[in-house]
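Subject: Structure handover

Hello,

My notes come after it.

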Amino acid sequence: MTTRVTRSASKPSVEDKHAKTTIKRPASKKQHKPESEGKKQRQHDVVANASDAKNETEVKHQDFTIEHNDKSIICERRGSGNDKLIYSHGAGGGLNTPATIDFAEGFAQHGSVVSFEGTMNLRSRVKSFKAVIDEIKCQAIGGRSMGSRAAIMARSDQVLILVSYPLVAKTIRDQLLLDLPKVDVLFVIGTNDKMCPIDELNKVREKMKATSWLLQVVATTAMRHATGSAAAKWLEQRPSAFEGTLEWSGEEPVVEWN
């Protein structure tokens, strides 16, 4: 199996700052001090919307392919340094859909993320995922919706970042989660996600052997970039609190773990 870089380009981003998990526009350089209330832990990361960061530090963007069984898996890498995450899009998405791009741009502010193009067939997606894992060494794997299921099926003994996990279909699809070993798992779920109701997910989390964190996203579409950044920060250092929210505070998205 070989990896071939076909072309590269630059994408915008900003450098991150540490303090309160605020997601801040680059025009403002104000940094918040960490604070606590009783037993609550608040973590604040300063990030920015990629669309506002044209004059800031650029994120490296590289397109390449991985050859597997006479087929080419189209991939792209965003960010610099060692690869931290392999990420797979949802069933109706692709590398060029906003949900994939925005999440990757947000994540890439803090480390390199490799995304790949997959089919809508779950078995085929899992095979592609395994091929990418064989080629790319990283800290975590994950995906959005069907891509998150494919991540678990491709390799369940690695740190997982599961965005919009499709827990509810005709039945509760919890067996993959219950079968996970003692690994760290981050769920990133919209509060209005009908395919993953928070109450149902929490019932499953209570029975899981894996250690899980839940980040509830209040405004999903406008938060895609921020969810990527929040996921990367979680990967850097696991919060001591296991539940958090990502929502707008004034003009800034804010993550609060408590």
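Predicted model: local features only at pLDDT ≥ 70, side-chain atom pairs only at ≥ 80, totals over all residues.

Residues are numbered from 1 along each chain as its sequence is written, and side-chain values use heavy atoms, with hydrogens and water left out.

The protein has six helices and 15 strands; these are DSSP runs, numbered from the N terminus, with helices being H or I of at least four residues and strands E of at least two. Of the 258 residues, 54% are buried (under 20% relative accessible area, with exposed over 50% and partly exposed in between; 1.4 Å probe, protein chains only). Taking contacts (heavy atoms within 4.5 Å) between residues at least 6 apart in sequence, 69% join residues at least 24 apart.

On the helix pair: the axes of H2 (residues 122-135) and H3 (residues 146-154) come within 9 Å and cross at roughly 60°. Axes here are lines fitted to C-alpha atoms, for helices over the stretch in contact, and angles run from 0 to 180 degrees between N-to-C directions. H2 and H3 are therefore oblique to each other (angles under 35 degrees count as roughly parallel, over 145 as roughly antiparallel, 65 to 115 as roughly perpendicular and the rest as oblique).

From H2, the residues Leu-122, Arg-125, Val-126, Phe-129, Lys-130 and Ile-133 meet residues of H3, among them Met-146, Arg-149, Ala-150 and Met-153. This contact is made up of nine nonpolar, one polar and three charged residues (Ala, Val, Leu, Ile, Met, Phe, Trp, Tyr, Cys and Pro count as nonpolar, Asp, Glu, Lys and Arg as charged, and the others, Gly among them, as polar).

The buried residues of H2 include Ser-128, Ala-131 and Val-132. Besides H3, the buried residues of H2 pack against strands E6 (58-68), E7 (71-78), E8 (83-88), E9 (112-116) and E10 (140-144).

H3 is mostly covered, with eight of its nine residues buried. Its buried residues pack against E8, H2, E10, strand E11 (159-163) and helix H4 (175-178).

Last, Thr-227 lies in helix H6 (residues 224-236). Thr-227 is buried, at a relative accessible area of 7%. Leaving aside residues up to four places away in sequence, Thr-227 touches Phe-103, Val-188, Val-217 and Leu-246.

Regards
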